[in-house]
Number of protein chains: 2
Amino acid sequence: MAPDTRTIPGYTIFHKEDYDSAAAAAVTPQGIPHPLDQLSIREIPVAAALLREYASPKQLKFNCITLQEPKKENYAAFKQGKAPRPDRRAFAIVIDRQSGQVAEAVANLTTSKVEEWKEVKDVMPTLTLEDLDIMERLARKDSRVIQACKDIGITDMSKVFIDAWAIGIDERWGFERRLQQGLAYYRNSEFDNQYAHPLDFSVVADTEREEILSVDIRYVNGERTAAPPAEHNYLPQFIGDKYNHDRLKPIDIVQPQGVSFQMKGNELSWAGYKMHIGFNYREGIVISDVRAHDMYQDRERTLFNRISVVEMVVPYGCPEKPHHKKHAFDVGEYGSGFMSNSLKLGCDCKGAIHYLDGVMALASGEAAVVKNAICIHEEDNGLLYKHTDFRDGTVISARDRKLIISQIITAANYDYGFYHIFSLDGTYKLEVKLTGMLNTYSLHSTEQAAPYGTEVASQITAHNHQHIFSLRIDPEVDGQNNTVVQNDAVASEYPVGSPQNFYGNAFYSKKTPLRTSLEGAADYCYETNRTWDIINPNSINPSCNKPVGFKIINTSCPPLLAKPGSVVHTRAAFARKPLWVTPYKDYELFPAGDYVCQSTGEENHPHNQTIWDWSRRNESIENTDIVCYIQFGLTHFPRTEDFPIMPAEPVSVMLRASNFFIKNPGLWVPPSSVCVDTMSTNAFPTSCCAGSKQGDQSRL
Amino acid sequence: MAPDTRTIPGYTIFHKEDYDSAAAAAVTPQGIPHPLDQLSIREIPVAAALLREYASPKQLKFNCITLQEPKKENYAAFKQGKAPRPDRRAFAIVIDRQSGQVAEAVANLTTSKVEEWKEVKDVMPTLTLEDLDIMERLARKDSRVIQACKDIGITDMSKVFIDAWAIGIDERWGFERRLQQGLAYYRNSEFDNQYAHPLDFSVVADTEREEILSVDIRYVNGERTAAPPAEHNYLPQFIGDKYNHDRLKPIDIVQPQGVSFQMKGNELSWAGYKMHIGFNYREGIVISDVRAHDMYQDRERTLFNRISVVEMVVPYGCPEKPHHKKHAFDVGEYGSGFMSNSLKLGCDCKGAIHYLDGVMALASGEAAVVKNAICIHEEDNGLLYKHTDFRDGTVISARDRKLIISQIITAANYDYGFYHIFSLDGTYKLEVKLTGMLNTYSLHSTEQAAPYGTEVASQITAHNHQHIFSLRIDPEVDGQNNTVVQNDAVASEYPVGSPQNFYGNAFYSKKTPLRTSLEGAADYCYETNRTWDIINPNSINPSCNKPVGFKIINTSCPPLLAKPGSVVHTRAAFARKPLWVTPYKDYELFPAGDYVCQSTGEENHPHNQTIWDWSRRNESIENTDIVCYIQFGLTHFPRTEDFPIMPAEPVSVMLRASNFFIKNPGLWVPPSSVCVDTMSTNAFPTSCCAGSKQGDQSRL
């Protein structure tokens with residue numbers, strides 16, 4: 001077996017001899033796993049062994065080994081006590097080390113049997129960190145790369161760094177090679193910021209044969225472009241005396257009684273909410289079985305069956321080669337799980353934090369753990385509600401609270417924080433914070449950055465780009481059968497002066513149910529403040545006599561700026577619409593296809609269908625089990641302020657209870673203050689504040 | 001003189017005999033006031049006396065007495081040491097108690113002279129809390145109101161409550177009367193929520209003559225509608241045992257070394273920012289002279305000359321009488337200062353809070369103080385930036401911090417929190433949180449709420465409405481002369497396959513300078529992710545060779561849904577556009593006119609011009625001293641969750657440094673963690689975290 005024991009920063013790798021170690025014990029769950037729990041460090045090598053035995057004498061490279069979640073029907077039956085516990089199953093994508101053939105396999109860990117084995121063609125699996133790791137190693141030794149560096153005055157190859165990216169598009173090769181591209185940078189010294197010294201060539205490599213296929217040098221008027229020489233750093237060894245330690249006094253966030261949530265394995269309860277937290281190499285965090293306790297009906301009600309970020313794309317807007325190849329699908333091409341930060345190292349949240357680990361498989365079939373990949377914590381969220389009665393000075397206010405389940409990933413230069421946020425008013429929000437480093441390129445002396453980039457520092461351009469994320473919501477709004485209704489705020493059709501609208505002020509919410517998956521591919525409409533309600537037509541809110549629902553509020557959904565017919569527009573069809581609604585199907589998850597690397601976006605690919613294909617099946621999405629893919633993001637024209645390291649920029653999408661509860665769902669929250677103004681006229685009003693002691697206003 | 005010494009909840013009133021009290025001393029500033037400081041409790045009665053003497057023998061009712069800010073030119077000259085300190089001046093609007101004649105006056109407090117006195121016709125000043133207070137008092141005694149109540153079974157008039165509103169529109173009277181309308185409610189018991197029992201009549205009163213002009217009863221098919229009987233309460237005496245005290249553990253926010261900002265009088269310094277905090281009866285908080293220290297150029301740079309919320313409108317969408325009259329302009333009609341909550345009573349923020357008082361004049365010319373009207377505090381703001389270098393596991397992250405200057409106002413049923421937020425990345429954000437009570441109305445048994453309202457509880461409808469706010473920004477981006485450039489993200493004009501855009505991915509930011517105030521009336525464009533840069537064409541960022549700027553990001557700007565030609569559309573012309581840009585003129589502040597009550601929106605009113613008129617002057621706004629009016633808000637279709645008290649709903653607008661600084665302006669912030677992964681493969685990585693002690697991750 002090939003050795004795959006290179007170290008990977010952030011990963012803790014468990015070899016066979018480590019299984020009985022204290023470290024292994026620390027990350028091994030006790031008892032029977034929940035059916036949605038990620039595979040453990042003990043299950044992964046078992047699955048690998050089953051698959052290796054099955055495929056023998058083939059030599060397998062494991063691209064992924066991950067939980068095969070039970071089919072929805074089976075899991076539902078188990079939950080209802082109508083069926084036995086589903087077997088534990090591992091889903092794997094494997095590559096035959098000799099032939100390069102890709103296969104999908106399912107190993108039943110309960111019965112120790114390989115149940116499925118399917119060869120798939122004309123697809124390329126995710127590039128793992130191990131795969132990407134070859135680029136720099138190979139490129140530094142490649143004579144063409146060495147020459148390309150030498151020609152611009154660089155001879156110390158240890159100072160040359162190559163960020164490995166998925167290929168994007170390169171017509172010179174097809175599926176006969178598993179491609180990646182390398183973007184080149186230089187460092188003046190060990191911790192120097194390489195993105196201040198982009199180099200003018202890029203590299204293409206074959207991942208499996210471990211060879212450099214091409215070194216593509218950009219010439220401007222026949223000339224090379226030297227690396228921009230100036231340093232632009234952000235690490236302490238460079239900033240040093242520019243830090244101002246006096247300006248900000250500490251803000252300490254303290255939870256003397258600990259957190260308000262309880263964990264039972266990976267099942268979480270908080271403030272009436274219940275859910276399961278899963279994790280896999282590709283989506284990262286997966287939140288399942290989200291329920292809420294209804295204080296008015298005193299029962300548990302289902303909200304969402306499954307929530308995860310299933311794709312994203314970052315198309316760059318510079319048409320010049322080689323930048324046309326930059327359109328990263330970070331989830332599908334690299335995996336949000338694989339790229340997870342170990343948050344122990346980051347100190348990224350404040351207050352009392354509970355961490356969960358992420359478990360993944362290496363190419364060897366061994367397990368690797370990203371310790372503290374998932375952060376669970378609470379934050380104060382300001383006012384939940386307040387009202388002052390101006391007559392008697394009665395004041396009541398309560399504070400909102402957030403439960404935040406988050407992870408941070410690093411995709412070469414960029415860093416993304418994903419924050420799944422639940423709050424007490426019946427809102428789920430996904431906030432993404434974009435930070436890290438801009439992708440940069442060198443400017444030749446005859447070039448200017450505009451219009452396709454910004455010169456963020458002398459001779460360095462950062463190109464225009466978009467970030468479009470796909471949030472997959474499998475709703476279960478008070479039950480499995482849901483419908484999406486489109487809401488448009490429109491003025492009354494009746495003219496000013498007519499009896500029906502004499503003063504011209506009439507407006508209402510026009511409701512359009514989306515009936516088929518073709519209609520479910522919806523556009524945003526700013527002019528009508530368009531929103532969408534996921535309703536349950538079978539569950540009527542007795543107060544308003546309308547179906548119960550959750551409203552999708554998605555106002556940050558930039559249109560895809562790549563033109564129709566362009567490579568990105570074709571490959572990232574999901575990004576053309578802010579909303580797609582399809583009927584639920586087991587294992588239909590990834591809107592840009594199961595295999596995004598080197599994908600072409602062709603229609604009806606036998607092994608790689610996309611949301612475009614699913615939508616065009618034109619099936620009913622009315623009063624049935626549906627799935628919503630919600631696209632949101634931003635268009636980024638780099639600013640000098642984004643360099644050398646970007647201030648975090650947030651973007652979010654929200655689902656909000658909308659006639660789901662019969663009243664404000666947060667009325668169980670004890671008010672933080674209830675006061676009565678004594679209406680003294682000659683001295684300051686004395687207040688009687690219940691729940692908020694004098695001089696201790698910071699306590700709930 | 002008529003007695004105006006009724007108590008007003010939240011107000012502390014200072015009569016002449018109180019001037020030497022400890023309470024008076026506590027709210028009297030020491031030393032020479034800053035030219036932008038609000039009038040003190042000692043200056044207000046002095047101004048009143050000067051004006052009273054000037055106008056004698058007229059009997060004056062003071063509608064407002066407020067600081068007449070110095071003219072920009074004079075203040076600038078003073079700041080530059082080129083002119084003496086501007087005189088302290090009071091601006092007043094007064095009503096002749098006999099004739100009802102309105103006049104504007106300026107009293108120079110330095111010279112003790114009345115410098116201006118101008119009678120203004122066909123206008124009606126702001127309704128003060130004292131003005132609004134007459135409604136309930138008069139209505140309860142009015143025989144028509146008593147009969148209207150009796151006819152639906154209500155005989156105890158102490159249980160009837162009348163919310164006073166500006167009239168909106170009522171063709172039966174004109175400027176011969178100073179009108180207000182009253183919306184009627186019922187309470188079953190002392191603290192019962194009256195908005196659960198709306199009554200089916202409304203009242204019109206003459207504010208000055210203190211008489212009820214009309215009681216307008218709504219009949220449906222000739223029948224009255226009884227008050228909905230069910231109680232829907234939110235105060236502790238009703239919720240009692242439904243509170244769940246165990247679910248949420250406390251989150252304490254502690255600042256052991258105190259706040260990071262310094263106050264010198266009303267001048268604030270924080271994290272390199274400097275500004276002055278003012279306050280008046282109408283705008284509430286006024287932030288002036290905003291500057292930032294530039295760490296790269298080591299100099300102070302001007303950002304904004306003045307920031308305030310100058311208007312808002314809440315048009316309701318039900319065409320049926322009397323709801324066509326509901327379109328509250330809360331700032332102009334009632335005054336954000338007048339309606340301020342005393343935050344001592346609300347315990348509304350956490351951490352270490354610094355409060356400032358709001359000072360206003362009563363009709364008597366005496367001063368009243370809203371103690372703790374302004375809250376200044378800091379909050380942690382999550383990640384400022386983070387990057388992990390995947391090669392060596394180097395992790396750096398820093399935390400962002402917010403400075404928040406806030407006030408909360410209560411406008412009868414609604415409560416609005418206004419949060420002016422500065423953060424370390426060079427962003428100013430205005431966030432408004434909407435909470436309090438929905439405006440409700442009773443449904444007759446034959447009626448349904450849809451389409452113009454939601455039945456939030458049995459027999460209670462809450463009507464569709466919008467909230468549109470107007471944020472006035474007087475920019476001073478690196479100097480006085482600025483230009484607004486409109487940015488549209490557009491695909492390249494070159495087709496896919498052309499040499500200029502072969503792969504079809506090209507896009508750029510199309511720049512259109514707004515040159516005149518007509519062009520400055522700009523629409524939003526969702527399809528192009530439209531933003532606007534306030535640039536200084538005379539100050540070039542040396543990194544990118546572009547003018548320095550601040551970007552207006554305003555994506556929550558719902559189109560006004562009232563039809564053109566409707567009353568609201570005409571009166572609230574400001575709400576038709578998300579952005580208006582006009583050249584700066586002293587004392588041109590209020591886009592719906594200086595006098596909003598009973599305004600008609602007519603063009604070129606001699607004493608009441610609006611943004612529509614200013615825009616149509618069609619003056620240059622290029623490279624000159626300009627002002628931006630930014631409209632934003634939301635369209636609210638009430639949900640059952642908004643009843644009986646609304647979960648706070650946030651909406652915001654942002655101005656962000658955009659090529660203003662040559663680099664990330666937050667690099668002076670000491671990182672909260674700097675770590676290196678030691679890449680141990682068989683144990684969890686040990687980290688060396690600088691700046692974040694083990695077990696104390698909650699500290700900056």
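Which residue stands opposite B:Phe91 in β4(B)?

## Basis of the model

This is a predicted model, in which local features need pLDDT of at least 70 and side-chain atom pairs count only at pLDDT 80 or more, while totals for chains, interfaces and linings use all residues. Residues are numbered from 1 along each chain as its sequence is written, and side-chain values use heavy atoms, with hydrogens and water left out.

## A sheet in chain B

B:Phe91 stands opposite B:Val106 in β4(B). Strand β3 (residues 89-96) of chain B and strand β4 (residues 102-108) of chain B run antiparallel and are joined by seven bridges; strands are DSSP runs of E of at least two residues, and helices are runs of H or I of at least four, both numbered from the N terminus, and two strands pair if DSSP finds at least two bridges between them.

In chain B these strands belong to an open sheet of four, ordered β2-β3-β4-β5 with antiparallel pairing. Because β2 (60-67) and β5 (113-120) of chain B stand at the edges with a single partner strand each, one side of each is left without a neighbour in the sheet.

## Contact between the chains

The contact, meaning heavy atoms within 4.5 Å, takes 196 residues from chain B and 197 residues from chain A. Between chain B and chain A there are 10 salt bridges, each a side-chain nitrogen of Lys or Arg within 4 Å of a carboxyl oxygen of Asp or Glu. One of them links B:Glu136 with A:Arg391, whose closest N and O atoms are 2.5 Å apart. Strand β18 (residues 367-389) of chain B gives the largest share of the side of chain B that touches chain A, 14 residues.

Key
Chains are lettered from A and ligands numbered from 1 in the order in which they are written.
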